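Reader: Could you walk me through the strands and rings in this one? I'll have the model open while we talk.

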Amino acid sequence: MSGKPISRRRALALLGLGTAGVAGWATGPGARPWPTARGKELAEPQVLASRDGLLDVRLVAAPGVRLAGRDTTGWGYNGTSPGPTLRVQPGDLLRVRLVNHIGQPTNLHTHGLHVSPSGNGDNPFITIEPGDGYDYVIRIPTGHPAGTFWYHPHHHGTVADQVFAGLVGALLVEGAGGVADLPISDDRLLLVTDTTLDGAGRVASPTMMARMMGREGELVLVNGQHQPVITAATGSVQRWRVINGCVSRVLALRLEAHRLTQVAQDGVFLPAPVDRDLVVLAPGNRTDLLVRPTRSGRYELVSAPYDRGGLGMMNGRPSASGPITLASLVTAGPATTPPSVPATLPAPAVPQGPVTGQRRLTFAMSMARTGMGGMGFTIDGRTYDPDRDDQGVTLGAVEEWTVVNTSPMEHPFHLHAWPFHVLAGSAGTPPTGVLQDVVLVPAQGWVRLRISFSDFPGRTVFHCHILDHEDLGMMATVNVRG
């Protein structure tokens, strides 16, 4: 990026945007506010669970799902958004027949699973053309952590549009330990997405400015519902599995009159429960929370305002959203003290061993035009090329990667297949102490990660999980060779 100041009007002219319609959405006939059905009881997607070591499912990606209680042109799996919740056990075989009826290329990413990226595994280089199908075969390792994961498309150039339209679903790995000894009354899934719909129920298209900032939809949904109600008895313990399935929105979770007890991050149990007033989830992050109401009432679960930076020279910033009500907790019963929480949790050991390599990666923005128009989002000065190996790693290596962000916006870093341990960062946020797969890299800041490539040779990607930025080029490849 040049150090020479560029006026906002000049920058927009260079990008071919003009000065009109850059606030967020390209609209047309029927673009009046979208009426919603809010306040319904929280519903959860259909559960498809493994049996005798196998989960064999057929997922059909197609338009025509209900969102916020109304028919839309949005996309879903098997007729719903979110799609079915897939439940597997460590050691299971997951077979997915994915059929594409959405009119553009797609594929499938099992986000957060520590599985092979090769062949018909969690392979981001697969392309499923409209009308075609593909058979994924994914072996869950016997030692895989039990936790909360999810699935979504990952075809470069269309990821943000497809997730924004509703193609998401939860993927849960079941297992013993952790909070199993607690008398949990309900295990609830809260898959948060956002979108923008016109009055006819059509998913709106973003302007290029919105894509460069990372689109944030005007309608924030939980399990496809607008501001649903979660009921609980006083003195009970509920487990909330929260997935940030938004394209770009960072969730800053607060529950009115309650502290949230965090027990897991990105599908992995923490070493000990942590009581928090605020839990921040970047796009792609997950958290498991224990909610323990002590008295009756109605309490809002909100996403507080969060500043993830802007485009600087263009004065463009994400929408000033928040606080946004995601759902309401409604409790009933006499004032009661819930059961206590265990002092420790079965957090998996963080790989130690000698560090065999170090790398420095730079996330940046430039005025270079991309093939899709607009600003260039780069890693180490290059936009994504699926045919190029950007990083070569030897199987068995333990490496430290320093991810530097020279841009004026935060970028959530995500690595497929191999989770990482956050060692430190410029923001000074204490590390979770466990393996995770998405971490926010501060604007003009850095994070340092330790990654163990002890298994699963193969080729995959790492990228910014603001999915618009990924589609605009902020993605690179890593090839682990045995």
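Author: Ground rules, then. Strands are DSSP runs of E, at least two residues long, numbered from the N terminus, and two strands pair if DSSP finds at least two bridges between them. This is a predicted model, where local features need pLDDT of at least 70, side-chain atom pairs count only at pLDDT 80 or more, and totals for chains, interfaces and linings use all residues. Residues are numbered from 1 along each chain as its sequence is written, and side-chain values use heavy atoms, with hydrogens and water left out.

Reader: Over how many bridges do β23 and β24 pair?

Author: Look at residues 297-303 for β23 and 324-332 for β24. L301 stands opposite A327 in β24. The two strands run antiparallel, and the bridges number seven.

Reader: Which strands stand at the edges of the open sheet?

Author: The order is β16-β24-β23-β18-β21, with mixed pairing. An edge strand has a single partner, so one side is left without a neighbour in the sheet. That describes β16 (229-233) and β21 (279-281).

Reader: Over to the rings: is the pair F413 and F462 stacked, edge-to-face or tilted?

Author: Rings of Phe, Tyr and Trp (its six-membered ring) pair if their centres lie within 6.5 Å; planes under 30 degrees apart are stacked, over 60 edge-to-face, the rest tilted. F413 sits in β29 and F462 in β34, 49 residues apart. Their centres are 5.9 Å apart and their planes at 35°, so the pair is tilted.

Note on methods:
Helix = DSSP H or I, 4+ residues; strand = E, 2+ residues; numbered from the N terminus.
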